[in-house]
Amino acid sequence: MRGRGLIIRGLILFTAIIFAVRLFYIQILEEDYKVAAENNVVQKIVQYPFRGLVYDSNDSLVIYNSPVYDLMIVPTEAEISDTTAFCELLQIEKEDLNEKLEKAEEYSSILASKFIEQISDDLFARLQDQLIKYPGFYVLPRTIRSYNTKSLANVVGYVGEVSKGFLNRDTTNYYQSGDYIGIGGIEKAYEEYLRGKRGATYKVVNVQGIIKDDYRDGEYDTLPQPGENIHLTIDLELQQYAEKLMEGKVGSVVAIEPESGRILALVSAPSYDPHLLSGKNLSKNFPELNRNEDKPLFNRPLQARYPPGSMFKTIQGIIAMHEGVVTEDEIIRTDGSNIGDLAPPGPYNMIKAITKSSNNYFYLIMKRMVEQGVEESQFLDSRIGFEQWREYVKQFGLGRKLGVDLPNEISGNVPSIEYYDRVYGAKRWKYSNISSLSIGQGELLVTPLQMANLGAILANRGHFITPHVVEKIAGWPNPNIKKEILPFDQALYEPILKGMEQVVEAGSGRRGYLKELKLVGKTSTVQNPHGEDHSGFMGFAPLDDPKISIAAYVENAGQGGRAAVSVASLLAEKYVLGTVSRPWLEDYVLEERYLPENAPRPTLAEN
């Protein structure tokens, strides 16, 4: 009996020791219990990183970060003892207050969310002294994008808050509600580099909302890591001049350095000031910009599709000589009976056909390419020749994406056999049904970027580097570029280039002639079924040492030998020679405007 009593007393003593040790651990050693016992909470405060800075090709700062402050709320901790005073402090109505409280509760009762986004400097100053009265509220510093230029909107894109839809689709699990993300332009394309990495601090906060201490002496705190800086290929001075030339017009200009694929200027007109979509301006101005009939948000160099028109004849000539259906010097006599033509009937060789832009000449040489007599049936024969022709055309970067490092590039269109089978029926079409392709019309569609790249191919006599707008990331060369070599002998380019030289010296592009510049190119009057034809030009300069290739489109401006070649010539002159010596031509371009006079303009808000 006595032994049993000893056992019971021993168990009681052992239990007491366990409770004592546990109580000592909870009260003295364990921080979490200590925090709870003192009626405190641990508050996680997200530290947002600085997004990477963006510079132009001459190291001029283009995009930087400006500080702003968000008023945050944690609903379970929020206490508003005097609603009227709180509303007066924030300068909001009680209905607005209730709506914001409900929205925060719907998001999460225990997680912080934005109560008021980007508060003013005056409100921030007032809150410093008054916020202690309102537990559950705190100010979170962050940054918005600011710009040193009103140019480049369609290149840089903008930054906005992640949407619920995006969060539902996000498989990386990186983003959280309230985060910002790049939307459009390089902000989107290089988001992974620019965004940086979030940090966090953990604070012990009492019921009055006062920070008492670092949680566990900052053991779990992490510092934010700023995003990587980016250097563009864009020459900002050249970009601004190109945008000036396109004021009052609809269209695009793309300028590329042929040797490297660096995009020197990329203009979509009309455009907008990037400040209009920065910070709170985004929600105010985006709807207006999006509704504007001039479509300033539409990135025309990458997304607009036009028939290439006569610019395409340069490709036709190279393919035909490669296939051996014509030589540089062969004389082909045209009588103007095959297709509409502004060039007079008569004898043409390749150089003269490029110079005079003879539609009938290129009609006949494409007919030779498509109808090669491989099959007795014209329908079967045309399918074989057309497919071979199509594969050659795609070598020039048409009908496919070039891989530019900007979002939303489209491929244009080089029609396929399957397309014509759907239109005419399988094996029921022949060359006469597709002959408009011979002069760059019909179903053939290209982007301005593809035409500027064609200029680079011709300048390089048979190769191109992936066009790109980012030169360096964190000081390292852009890894996403490659060289593509076309399967045509370099000698085949020479008669085409001689013809392009004569186009500018004495042909349809003579308005752009300047002896010192040695610009060569091809104009296009791009057919437009909805109004005035579009003016187009593709070329490069100088002929013997190419520094710049350019494609210019001015919508509703008529002949390619007017607006487009004038814009391209002035831009090339400024880049190659460093100055503009033809004020009469500059005045002509600046005075010519092709926006409808009654076109609606957006009413936009700025800070």
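Select Y220 to start. At 42% relative accessibility, Y220 counts as partly exposed. Buried means under 20% relative accessible area, exposed over 50%, and partly exposed in between, with a 1.4 Å probe and protein chains only. This is a predicted model, where local features need pLDDT of at least 70, side-chain atom pairs count only at pLDDT 80 or more, and totals for chains, interfaces and linings use all residues. Residues are numbered from 1 along each chain as its sequence is written, and side-chain values use heavy atoms, with hydrogens and water left out.

Y215 is buried, at 9% relative accessibility. A search of the whole structure finds 22 aromatic pairs. Y215 and Y220 form a stacked one, 6.2 Å centre to centre with 20° between the planes. Rings of Phe, Tyr and Trp (its six-membered ring) pair if their centres lie within 6.5 Å; planes under 30 degrees apart count as stacked, over 60 as edge-to-face and the rest as tilted.

Next, select Y419 and Y420. Their ring centres are 5.2 Å apart and their planes stand at 70°, so the pair is edge-to-face. Y419 is partly exposed at 29% relative accessibility, whereas Y420 is buried at 0%.

Y419 and Y420 belong to one aromatic cluster with F312, F386, W389, Y424 and W429.

Finish with the charges over rings. A charge sits over a ring if NZ of Lys or CZ of Arg is within 6 Å of the ring centre and within 35 degrees of the ring normal. Select R195 with Y174: R195 lies over the ring face, 4.0 Å from its centre. Then take R511, which lies over the face of Y588 at 4.6 Å from the ring centre.
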